[in-house]
Amino acid sequence: MARLLACALLLCFAVAAGQARAEGLEVIVVDPYLELRTGPGRGFPIVHVVERGERVRVLKRRTDWFHLRDADGREGWVHKSQMLETLVPAGTRMQIDDPAREDFTAHRREAGLLIGDFGGANVITAYGAYAFNAHLSGELAVSHILGNFSDGEAAAVGVTHVPVPEWRIQPFLSMGTGMLRIQPKGTLVQTPARTDQFAYVGGGLRAYLARRFILRAEYKEYVVFTDRDENEEANEWKIGFAFFF
Amino acid sequence: MENRIRVLLLSAALVMAGCSSLTWRDAKPEAAPEPAGGGAGETPVVIEPQVERREIKPAKIDTENWEAGLTVGSLSVEDFEVNVVYGARIAYHINEDFFAEGIIGQSDAGLSSFERLSGGAPLLTDSERRFTYYSLGFGWNALPGEIFLGGRRALNSTVYLTLGAGSTRFAGGDRFTLTAGAGLRVLVRDWLAVHLDMRDHVHEIDVLGKNKTSHNYEATLSLTAFF
């Protein structure tokens with residue numbers, strides 16, 4: 001019964017996928033000609049050419065390549081650079097709204113992944129940020145800390161300030177607080193895990209790479225509020241990639 | 001008292017400002033027709049066409065930059081035999097050359113030679129013997145090309161190199177792990193791909209008494225769909 005259901009589901013999916021492929025957007029070629037390649041990449045051979053004025057159907061897009069079908073049913077992949085001038089039947093340019101440098105200055109949401117060193121241990125961090133305005137944004141981050149002597153997890157909430165959002169490479173300042181759970185590793189003695197609150201201040205750089213991608217590097221100073229006589233201090237540096245949307 | 005006077009003065013100023021802006025707004029359309037009305041006899045009247053501009057919203061093109069699927073293969077856990085590994089992968093294709101990738105996997109490690117030969121107490125419990133990993137990283141499509149099946153069929157393919165970092169949970173602890181590998185992706189359909197991957201998961205481990213670098217080689221076959 002379950003197998004039958006799975007088959008039916010698969011069939012539905014296949015039919016739906018087939019229908020989706022039959023649709024697409026009809027456009028008129030404005031470039032002198034379009035080169036149809038066998039695959040979405042510059043290394044694939046050109047097997048057909050579509051001339052100016054002909055109508056083609058855009059079936060799908062993968063990265064910077066468009067999958068087209070011409071009036072005779074021949075299919076191939078065309079690069080974005082040849083599609084920029086192409087018109088839709090209403091006479092307007094085909095809309096290819098790719099994120100660009102200007103969107104880096106004014107984006108709202110950002111998410112990324114950073115790798116680095118937290119007080120001598122390796123750290124992997126995933127974060128999400130929401131920009132209240134071009135300068136100020138709130139951030140949520142979760143970290144996995146992997147050391148030789150202890151493992152841990154941290155969750156933090158903070159704010160970052162970008163003084164000059166117009167620059168391609170933006171310096172930023174950050175501060176925030178969160179919770180840190182540290183489990184010491186012991187093959188002989190099992191030490192209980194500690195959970196403490198921490199606060200941090202830091203700074204870093206965000207650089208616009210291309211499309212919606214950002215390179216991010218940052219440094220943070222932590223103070224961990226322990227229940228012992230002295231608070232612990234740690235510093236952390238990280239580097240990674242992020243994207244905005 | 002002084003405060004109250006200040007409030008009074010301020011509100012009066014506010015009301016005046018509001019009124020003046022209102023009269024300015026009203027006066028504008030009245031003032032405009034005057035020259036048109038005065039010169040109606042000589043200058044032709046411009047007729048505003050009563051045609052509404054059509055809002056054209058072209059259909060959105062289906063973008064397929066995400067790829068996700070399931071993985072099965074074999075994983076050699078150093079000192080703990082070769083075992084079946086199950087996993088999943090997700091990738092985002094940034095451009096035709098690079099992609100970001102996340103992988104997870106799970107396997108149950110076997111017995112070490114020491115445990116087998118000595119016949120003594122096992123080094124690890126069953127739950128500690130479970131090997132789980134995640135890795136996040138990037139891939140480079142180094143050799144895009146085609147695979148020819150007979151004389152009439154060609155499938156698009158890519159040989160790619162990957163590098164990632166993540167964590168491995170094994171022998172009662174999480175370990176920072178670097179993952180390097182190479183793979184072959186063959187597009188069976190435009191939206192369906194088969195991967196053949198070889199990866200090495202490298203981490204430090206001290207389960208046999210001394211800290212050492214452990215290499216865990218993995219060979220997997222994956223089926224993924226683009227969406």
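In which sense, antiparallel or parallel, do β12(A) and strand β13 (residues 213-225) of chain A pair, and over how many bridges? This tour of a predicted model reaches the answer by selecting one element after another.

**Chain A as a whole**

Begin by selecting chain A, which contains three helices and 14 strands. Of its 245 residues, 26% are buried. Consider next the contacts in chain A between residues at least 6 apart in sequence: 47% of them join residues at least 24 apart.

**The barrel**

Select strands β7 to β14 of chain A. These eight strands close into a barrel in the order β7-β8-β9-β10-β11-β12-β13-β14, with antiparallel pairing. Neighbouring strands of this sheet are turned by 25° against each other on average, when direction is ignored.

Now display strand β7 (residues 109-118) together with strand β8 (residues 121-131), both of chain A; ten bridges join this antiparallel pair. Within the pair, A:Leu114 has A:Thr125 of β8(A) as its bridge partner.

Select A:Ile169 and look across to β12(A), where A:Ala207 stands opposite.

Keep A:Ala207 selected and turn to the other neighbour, β13(A), where the bridge partner of A:Ala207 is A:Leu215. Here is the answer to the opening question: β12(A) and β13(A) pair in the antiparallel sense, over 13 bridges. The hairpin of these two strands has two residues between the strands, and A:Arg211 in this hairpin takes a positive phi near 45°.

**The nonpolar cores**

Select A:Val123, A:Ile145, A:Ala154, A:Leu180 and A:Phe198, the residues with the most contacts inside the largest nonpolar core, which has 16 residues. Two or more residues of this core come from each of β8, β9, β10 (150-161), β11 and β12 of chain A. β8(A) provides the largest share, four residues.

Centre the view on A:Phe198. Leaving aside neighbours within four places in sequence, the contacts of A:Phe198 include A:Leu180, A:Tyr222 and A:Phe225. Apart from this core lies another, of 15 residues, including A:Val50, A:Phe66, A:Trp77 and A:Met83. As a general background, nonpolar side chains tend to be buried together in soluble globular proteins.

**The contact with chain B**

Display chain B as well. The contact takes 30 residues from chain A and 27 residues from chain B. On the side of chain A that touches chain B, at least two residues come from each of α1 (2-22), β4 (55-62), β5 (65-70), β7, β8 and β9 (136-146). β4(A) gives the most to this side, with four residues. By class, this side of chain A has 13 nonpolar, eleven polar and six charged residues.

**A last stop: A:Leu113**

Finally, select A:Leu113 in strand β7 of chain A. Why does A:Leu113 count as partly exposed? A:Leu113 has 19 C-beta neighbours inside 10 Å, and a residue is buried only if 20 or more lie within that distance.

Leaving aside neighbours within four places in sequence, A:Leu113 is in contact with A:Ala126, A:Gly240, A:Phe241 and B:Leu136.

Note on methods. Residues are numbered from 1 along each chain as its sequence is written. Chains are lettered from A and ligands numbered from 1 in the order in which they are written. This is a predicted model: local features need pLDDT of at least 70, side-chain atom pairs count only at pLDDT 80 or more; totals for chains, interfaces and linings use all residues. A residue is buried if 20 or more other C-beta atoms lie within 10 Å of its own, exposed if 12 or fewer, and partly exposed in between; C-beta atoms are placed from the backbone. Two residues are in contact if their C-beta atoms, placed from the backbone, lie within 7 Å. Two strands pair if DSSP finds at least two bridges between them. Axes are lines fitted to C-alpha atoms, for helices over the stretch in contact, and angles run from 0 to 180 degrees between N-to-C directions. Ala, Val, Leu, Ile, Met, Phe, Trp, Tyr, Cys and Pro count as nonpolar, Asp, Glu, Lys and Arg as charged, and the others, Gly among them, as polar. A nonpolar core is a set of buried Ala, Val, Leu, Ile, Met, Phe, Trp, Tyr and Cys residues joined through C-beta atoms within 7 Å.
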